[in-house]
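Take a look at the structure below.

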Amino acid sequence: MKDIVSEIDDYLRILFPVHRSITGEGNRETLRILQELIPIRMIEYPSGQQVFDWTIPQEWIIRDAWIKGSNDKKIVNYRNSNLHVVSYSRPIHKKISQKELFTHLHFLEDLPEAIPYRTSYYKENWGFCVSYNDFQRYFSNEDNFEVYIDSEFKNGSLSVGELLIKGESAKEYLISTYLCHPSMANDNLSGVILTAMLARELMHRKLNYSYRFVFLPETIGAIAYCANNQEAMKKIDAGFVITNVGGPGKHGYKQSWHANHPINQIIESTFRENEIDFITYSFNIHGSDERQYSSGGFRINAASITKDKYYEYDYYHTSLDNLDFVKPEYINESLQIYIEAIEKLDKNIIYENIFPNCEVMLSKHGLYPQTGGGLLPDDSTLNELDLTLWLLFYCDGQISLFEIAEKLGIDIHILYTTAEKLFQKNLLKRCDF
Amino acid sequence: MKDIVSEIDDYLRILFPVHRSITGEGNRETLRILQELIPIRMIEYPSGQQVFDWTIPQEWIIRDAWIKGSNDKKIVNYRNSNLHVVSYSRPIHKKISQKELFTHLHFLEDLPEAIPYRTSYYKENWGFCVSYNDFQRYFSNEDNFEVYIDSEFKNGSLSVGELLIKGESAKEYLISTYLCHPSMANDNLSGVILTAMLARELMHRKLNYSYRFVFLPETIGAIAYCANNQEAMKKIDAGFVITNVGGPGKHGYKQSWHANHPINQIIESTFRENEIDFITYSFNIHGSDERQYSSGGFRINAASITKDKYYEYDYYHTSLDNLDFVKPEYINESLQIYIEAIEKLDKNIIYENIFPNCEVMLSKHGLYPQTGGGLLPDDSTLNELDLTLWLLFYCDGQISLFEIAEKLGIDIHILYTTAEKLFQKNLLKRCDF
Amino acid sequence: MKDIVSEIDDYLRILFPVHRSITGEGNRETLRILQELIPIRMIEYPSGQQVFDWTIPQEWIIRDAWIKGSNDKKIVNYRNSNLHVVSYSRPIHKKISQKELFTHLHFLEDLPEAIPYRTSYYKENWGFCVSYNDFQRYFSNEDNFEVYIDSEFKNGSLSVGELLIKGESAKEYLISTYLCHPSMANDNLSGVILTAMLARELMHRKLNYSYRFVFLPETIGAIAYCANNQEAMKKIDAGFVITNVGGPGKHGYKQSWHANHPINQIIESTFRENEIDFITYSFNIHGSDERQYSSGGFRINAASITKDKYYEYDYYHTSLDNLDFVKPEYINESLQIYIEAIEKLDKNIIYENIFPNCEVMLSKHGLYPQTGGGLLPDDSTLNELDLTLWLLFYCDGQISLFEIAEKLGIDIHILYTTAEKLFQKNLLKRCDF
């Protein structure tokens, strides 16, 4: 059996060249490849469907695109990089002056080797992206060009991958990633692969809570999914938007909208326990699909654990965000942090003491040393009797286990073991189960 | 057209000599003169009317008063200062010994040139107020005096001036000033004139909220007004008691009873933006009519912006609080602060996002740059797109615009412009409208 | 009439030798002796009664117990100390090897002169407790012993002493002490005697609130009492568990479960006013009967004022916790602190202003200086007018007098005097009365 880093490496290589967008065959192909790992259900939302304030667009098909210079040589060729064409460019084929072409040409003077990534989803337009080096070499001294984009719009659908992993409780966490960015490794092929690996891992575990995994195009995909799953989504309290997890830079996390929500404390405690230095990004209204999930109608506390967060690294949204920049080892590091954080989230149960009137008779339930009157044990560390008593004291059907653990200054895993013993003995009940 | 400082100066001179009290012709005359500026409605509450725990008193008429010494010369003469007579003194005319007179004579040893201001509204009594210098000169060496007070009590009414300035919302702010103090310039002719000027200014503006202006005698007037307008007054959340706004000393403000109410933050931000040094006076149960408005039955957050606050200056409640002490320029400074604070209050709207489910499609509403994928703009300052997104995120029908502005560290005027654009585009609705 | 220290001394001597346990004649004898001081009602809960998760045990009767060494001499004799027998030891009479005996023998190597205190209430067992010195002298060199315990279990009852002291309000504070520990002076004969003295003191006072005194065996007694008095106990908000009040060490208090509850602030202010250094013990789930009273079904804020708190002193739960260790003077010191704290609690009334609309007319109610217009009195200290105004402002039927006193930085006794004057004048009403 392959080790996980090699697996990640394989999927990086297979999926990197696929031309994804907000709709289209590239997205479906990506989801089909991920089905090798996990049983993703593919959902299609038809073009023209109204989803809240938005409309599902037509599918965009891109077959070829190039620009020729005066000597009839192709100086830009879509076959070399699918970033060369502005996403959702309309078809065009004509001779064109330098002046007119330049209004459709994107490059980055500050990063001369990089092809930038540009889109025009909702305004009919066309365009090319080139490196500044190529721009200087091929474009600055010529007056006339021939441009060709063989694209097409047609009624089709927007594709979403969904996987519901059932735990004992029907209460769900949301785990969302976006697959609309073509051929950029950190943003967000890294997130797509991590999410699939994470889902596979959780499928093999006995879980307390349920996990709703979604793979969808950013913004329009999240909106379409929310609109088509309102009831389920409005019940969700927290989750993750998995993105930008494979760069060489620092670990970090973007907080969910409510800074005091346990999900943020759980992420921080996970970093600290692993002695990982991390950057905290406050919630900001810019970002990824937490914009949709945090909106007034949903208010899901969605956080992102990152390694080289979007906006923050030089190669962001360019062709240099490639397989030289991203390493499978980095993705695996992020994966392990996600797994540990979810292990805690999964144990963050709200219990309620079934016998709230006075203490239960601990010895009757096999929970007490049997000769009384001794000294209190050294209380510099809490022993199991302490935890038992504190749990029976605190658990009122309101406070969550992580909150009790924080009050007691103790690891949630240790407290969970005691809580589950009390649950097995029918002293605590689990709320939301 | 006259400039505002000259206007203030004129009204100071016209109104200063009028003998005001808690009832009477002087109050009505004052209101009639203010009617040159604004269409005050005059309300009369008849003597004997029960208002909560109080009873509207009879009107007090004062025609003349003097004290003669042994040589039959008037050593105190009401014609020289209406402060010489204790307000609501009963009529008297008799020869009197030094010993008896002294129990009815008020002066200030520490401020020998000042005639103090004294009242006896609710206990039948009579008295004179003199400067300590006069006391020493005319009273200390004589044994017999003749006192004369030609006053009268009769059933009449307590007069209140009211002006309702309607804004788009029926929700009101209260703006109250008291006019019962005779011939003292800072306390409170300054407040009366500022209030009238402020009302005239607001009448010429398009306002979001409505403003309930009242000119009334302190305490009994505020109580009478509350008792006769319970329903309206119990709906009011905040406002101002305008008083002591024209002295040479420092600017300051007395906080409303709930220190965290936005009105207090708005006042402070106004001072800071104008780089005005100011004193903060915590809410205190002594003071002016905020005592009534803050009581349990109303709990209006009423603040006072002051310049030389009552209690705090040497000439307080004496004849030295006169037109040498108060300057129209000072009153105008206070007026401008009030206007700026009210401009903010008037914009402190609670909005609600009409499309709370996910983000709206900004480009469809003309709110988004049309080629996607670019870098995040330098976020050291918030641009209009940022403000749009934050407003749509925050506006939930609960949080007020000033509170959002504080969270974003931005001026409410700037945020209001964006909010109103979203309101015009039917993305936000205004609550309480 | 005897002074209180002598009285305490007498009762220490009378009650110290009585063999108390969780049930039995020693407990009834103790309560009967306390009936000389206060009219305790004796309640008997029969053996076998189900009380929440527990069952009232049989009574344990102990008549004699000894161990003989090889020379037939008694080397341990129950007549010398009732701590020699593990509480609730079953009867036994047999020859026994050293090895078997040692599994039933308790001693403390670190405190070689002390006989430890041990119990086995809920597991049938037997055992002896000896000093380590005796252990070495009599046990370590012998191989064969004869053990004899003349005890008996029989259906009987668990005895609780109850005294309800009625104040004007039916709202009760709980005052609980435990009497199950045999022949230890600080833990808890000191608490039992203090509680009786405190009750006698309160019986002679005019009280606002009612006080529910209970004398009961720890844990099972508190549980039995709660189970049999659920309705009354669930109405109680706060109280004391009186224990360990007579040692030579430092004063201190264990906080009730809700650290911000006024009872904790009241205790601290009492210590501070008496310039007594004190230790604050945070609420902890170990301890005494606050474990039961603080449980989810009751959530009573029960604090303990201590002098040499259990767990914290060397002689804890040994024969050295005796009348050489505890002094009646110490118990009296603790008693005075309890009395002062209860004086404050008893005044911690929630008032409601009967005239919440605007201020009342103070002069009409004889509450105002009768010539107006003077300067504000020096407000470095609050005068009675200030207190009157603040009380009328704050009292809304929610906030308690101690909370207002804290806001004003003033002693509750002073504020209470003013509040009661306003109550007498029908301006305030007392809630819960």
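How much area is buried between chain B and chain A? The model is predicted, and in it the area buried between chain B and chain A is about 2400 Å². Carbon and sulfur atoms give 58% of that area. Three residues stand out: B:C358, B:E359 and B:F393 supply 28% of the area that chain B buries against chain A, more than any other three residues.

Next, the residues in contact. On one side are 23 residues of chain B; they are in contact with 31 residues of chain A.

The polar side of this interface can be counted too. Between chain B and chain A there are 13 residue pairs in polar contact, both residues at pLDDT 80 or more. Helix α11 (residues 384-394) of chain B gives the most to the side of chain B that touches chain A, with six residues. That side of chain B divides into 11 nonpolar, eight polar and four charged residues.

Two salt bridges are counted between chain B and chain A. A:D53 pairs with B:K364 in a salt bridge.

How does chain C relate to chain A? A rotation of 120° with 0.0 Å of shift along its axis superposes chain C on chain A, with an RMSD of 0.0 Å. That is the relation of a three-fold axis. In chain C, the C-alpha nearest the axis belongs to C:N260, 12 Å from it.

Now the salt bridges in general. Over all chains the count comes to 87.

| Salt bridge | Closest N to O distance |
|---|---|
| A:D53 and B:K364 | 2.8 Å |
| A:E25 and A:R32 | 2.6 Å |
| B:R28 and B:E59 | 2.9 Å |

In chain B, B:R28 forms a salt bridge with B:E59. This pair links distant parts of the chain, 31 residues apart: B:R28 is in helix α2 (residues 25-34) and B:E59 in strand β4 (residues 59-68). B:R28 has 13% relative accessibility, so it counts as buried. B:E59 is buried as well, at 5%.

How values were computed: Residues are numbered from 1 along each chain as its sequence is written. Chains are lettered from A and ligands numbered from 1 in the order in which they are written. This is a predicted model: local features need pLDDT of at least 70, side-chain atom pairs count only at pLDDT 80 or more; totals for chains, interfaces and linings use all residues. Side-chain values use heavy atoms; hydrogens and water are left out. Contact means heavy atoms within 4.5 Å. Buried area is the accessible area (1.4 Å probe) that two parts lose on being put together, summed over both. A salt bridge is a side-chain nitrogen of Lys or Arg within 4 Å of a carboxyl oxygen of Asp or Glu. A polar contact is a pair of N or O atoms within 3.5 Å; within protein, one must be able to donate a hydrogen and the other to accept it, and residues adjacent in sequence count only if both atoms are side-chain atoms. Helices (H or I, at least four residues) and strands (E, at least two) are DSSP runs, numbered from the N terminus. Ala, Val, Leu, Ile, Met, Phe, Trp, Tyr, Cys and Pro count as nonpolar, Asp, Glu, Lys and Arg as charged, and the others, Gly among them, as polar. Copies are superposed by least squares on the C-alpha atoms of residues with pLDDT of at least 70 in both. Buried means under 20% relative accessible area, exposed over 50%, partly exposed in between (1.4 Å probe, protein chains only).
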